[in-house]
Amino acid sequence: MADEFQRYLDRRLADRLDRRDFLQLGLTVAGAAAFVACGGTTSGGPSGPTGPEFKLGVVLPYSGVYAELGNSITNGMRMYFDSVGNQAGNRKITIITADEQVNLADAVAATKKVVEQDGVDMVAGYVSSPNAAGNRNYLDGLKMPTLIANAGVNSLSRAARSPFIYRTSFSNWQPAHPVGTYVAEKLGKKRIQLVYAKYGAGLESVASFKETFTASGGTIVGPDVATPFPNNGDQTPFVQAIQTDKIDGIYSFMSGTDAVTFLKKAAELGTLSKLGVVSGAGFFVEQDVLAAITDAAPNGAITGLHWALTLTNKENQDFISKYSKKFSGRQADVFAVQGFDTARVIVDALNAVKGNTDNKEGFMAAIANVSFKSPRGDFKFDANTNNVIQTIYIRKTVKDPKLGWTNQVIDQYPGVADPGK
Amino acid sequence: MFLLAAGLSIIFGLMNVLNLAHGSFYMVGAYIAYSVVGATNNFWLALVVAPLLLAVIGAALELVFFRRLYGRGHLPQVLLTFGFTLVFVDLIRSQFGPTTRSIPPPHGLGGAVELLGATFSAYSLFVLAVAIVVAVLLLAGWRSLRVGAVLRAGVEDKEMAGLLGINLPRVFTLTFAFGAGLAGLAGVIAAPEFAIYPGMDANVLILALVVVVLGGLGSIEGAVLGSALIGLGYVIGTSLFPQFAIGLIFALMAAVLVVRPSGLLGRRI
């Protein structure tokens, strides 16, 4: 019922925006008419795009638990589109947002809304994996050019990949894979217990870690600690299930609120300090989590992710400072980077086909060919999986005198590509 | 948990008001704790400030809104209080944003304690102690103080209590304020233990409702018993079969209701 109400509010908000846009348009037209009536002529200067408007349907959560992710991704997109004057290939780019919310039924409704009601030329977004997977057949059937901007479910790069759906974010396999090698070989920690939120992303992430970790001579010490997702109750029994005396460390996949409550409880009970290594997928200690737990942060935790706030490449430094300037002091995060890159792919592809998106296959081929230097490093697509090939950074959680708790890059595995099966 | 359920139970039992906004009071309490600790780094101050502020909010809401709805059945109350939950959660979101926050346990309670061969976090023990103290105080007050007597009279028979010269409107306002204050206290206590985020209200409200129904409406003893049962059920449930913990709780409630329709310690309806 709360969702219902939220949706109503969103609709009202959207109506209002539309009205304002409409008013603005009206004024512009009136102004132009007055200008023509006065017998004026435009003189020089670059004129706006003359091709048909390019409508981009953005389906992301703006309410519910993932609202923050949706906002970050949207901010990143807007930032890139603004930087190119909201046009590419002689077409004006218009974003039409729809609220993905949390559940599949809402995400399907949001997708249908932008496709059938607004008649968009392309769809981008999807934070949650079930929502991306659940809309896959619909979008694929329509041959709708689609970019997944977050959802990491492996199958979209494997059995369920579509020639019309590319992913700019990551597959769950990617950030975890190098961590297994790193922990076993570089750190020499050979006995690891798995600790994860028991849902799709958690299971895929630990499976990927296990692959490389055991291949490098590591042993997984059972039983796994699997928490419910989301876990709104006490984390104590799960923290206590970590067998500190039998292991060298843990590999963990948790994010957001779950990571916050788990890490705090583990710090309180003194479990973390007894472990040789706390490793995980980067989301476990990403900036949102660290900001919430501050000094309960796991000092020295080793995690893998396709970005870090502390990356020193020029693109990232530029991105971080401009982002926080544009969005009143908000710190950039990995989701904003994904949104930024998604927008860049769209713009580059539109330019490459000179705005012609009627030939869907041609447009998708242009998308597949896009490559550039992203804030996260080299960005290009994998022809086998339609997923991004990217560097996975091994990061260490530290307290930086300037940034506070953050993740320092200590190693990197360039060109990590999902195996596609 | 008990703190929350007790407040809810008193409000419901005495005033016959189904207050869905009770979870919101809890959430607001947690955010007040977050703000106070952020500004002064003093958890104990938050422990005093939040319940008082929420008591004031509760009293104001009672005077302005609930007062008009007595005797009109539960549906208008459900609508009104559900509306409040939406308002509160959006206010919180617009003020603090949707990100998760947390505060550290107060100084000296941040570590772990070895007890009977098991390790507990000191703060968890502190929470337990507070709950026991509040429960004892409430029970004592309920049984032996004049206020308790007045409240019990109100629960038993509103008209008769009114006829006996008890100023029921004032009692109602104070009761509501007290219940809201308890929810605020629960919010502060929970803040270092759990994460603070918009939506924490809904999670806890459902559990509180189950506790109240299980224990019996309008009964403090019932709230104590109910919260102990639910707490145990939930922890054991999450450890043994994590995916079924919530289901287990509701199964427990259903089983009790079959045997005792008015709850474990509730009055017969």
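This is a predicted model: local features need pLDDT of at least 70, side-chain atom pairs count only at pLDDT 80 or more; totals for chains, interfaces and linings use all residues.

Trainee: What is the strand order in the open sheet of six strands in chain A?

Mentor: The order is S2-S3-S1-S4-S5-S6, and the pairing is mixed.

Trainee: Which are the edge strands?

Mentor: Strand S2 (87–88) and strand S6 (165–167) of chain A, each of which pairs on one side only.

Trainee: And S4 with S5 of chain A, parallel or antiparallel?

Mentor: Parallel, over three bridges, with S4 covering residues 122–125 and S5 covering residues 146–148 of chain A. Within that pair, A:Ala124 stands opposite A:Leu147.

Trainee: What holds paired strands together in general?

Mentor: Backbone hydrogen bonds, whether the strands are parallel or antiparallel.

Trainee: Which strands does helix H2 of chain A lie across?

Mentor: Helix H2 (residues 67–83) of chain A lies across S1 (54–60), S3 (91–99) and S4 of chain A, at about 160° to S1(A). Helix H3 (residues 104–117) of chain A also lies across S1, S3 and S4 of chain A, and runs at about 150° to S3(A).

Trainee: Moving on. How many bridges join S15 to S16 in chain A?

Mentor: Ten, and the two strands run antiparallel, S15 over residues 388–400 and S16 over residues 404–416 of chain A. They form a hairpin with three residues between them. A:Arg395 on S15 stands opposite A:Val409 in S16(A).

Trainee: Where is A:Asp418?

Mentor: In the segment after S16 of chain A.

Trainee: Buried or exposed?

Mentor: A:Asp418 counts as buried because its relative accessible area is 4%, and the cut-off is under 20%.

Trainee: What does A:Asp418 touch, sequence neighbours aside?

Mentor: Leaving out residues up to four places away in sequence, its contacts include A:Asn154, A:Ser157, A:Arg158, A:Trp173, A:Asp382 and A:Asn387. A:Trp173 is 245 residues from A:Asp418 along the chain, yet their C-alpha atoms are separated by 6.7 Å.

Trainee: Now the surface. Which residues make the nonpolar patch on chain B?

Mentor: B:Leu232, B:Ile236, B:Leu240, B:Phe241 and B:Phe244, for about 530 Å².

Trainee: Where does B:Phe244 lie?

Mentor: In the loop between helix H10 (220–240) and helix H11 (245–259) of chain B.

Trainee: Why is B:Phe244 called partly exposed?

Mentor: Because its relative accessible area is 46%, and exposed would need over 50% while buried would need under 20%.

Technical notes
Residues are numbered from 1 along each chain as its sequence is written. Chains are lettered from A and ligands numbered from 1 in the order in which they are written. Side-chain values use heavy atoms; hydrogens and water are left out. Patches are made of residues with over 30% relative accessible area and no salt bridge: like charges are joined within 9 Å, nonpolar side chains (Val, Leu, Ile, Met, Phe, Trp, Tyr) within 5 Å. Accessible areas come from the Shrake-Rupley method with a 1.4 Å probe; for residues, only the protein chains shown count as cover. A salt bridge is a side-chain nitrogen of Lys or Arg within 4 Å of a carboxyl oxygen of Asp or Glu. Helices (H or I, at least four residues) and strands (E, at least two) are DSSP runs, numbered from the N terminus. Buried means under 20% relative accessible area, exposed over 50%, partly exposed in between (1.4 Å probe, protein chains only). Two strands pair if DSSP finds at least two bridges between them. Contact means heavy atoms within 4.5 Å. Axes are lines fitted to C-alpha atoms, for helices over the stretch in contact, and angles run from 0 to 180 degrees between N-to-C directions.
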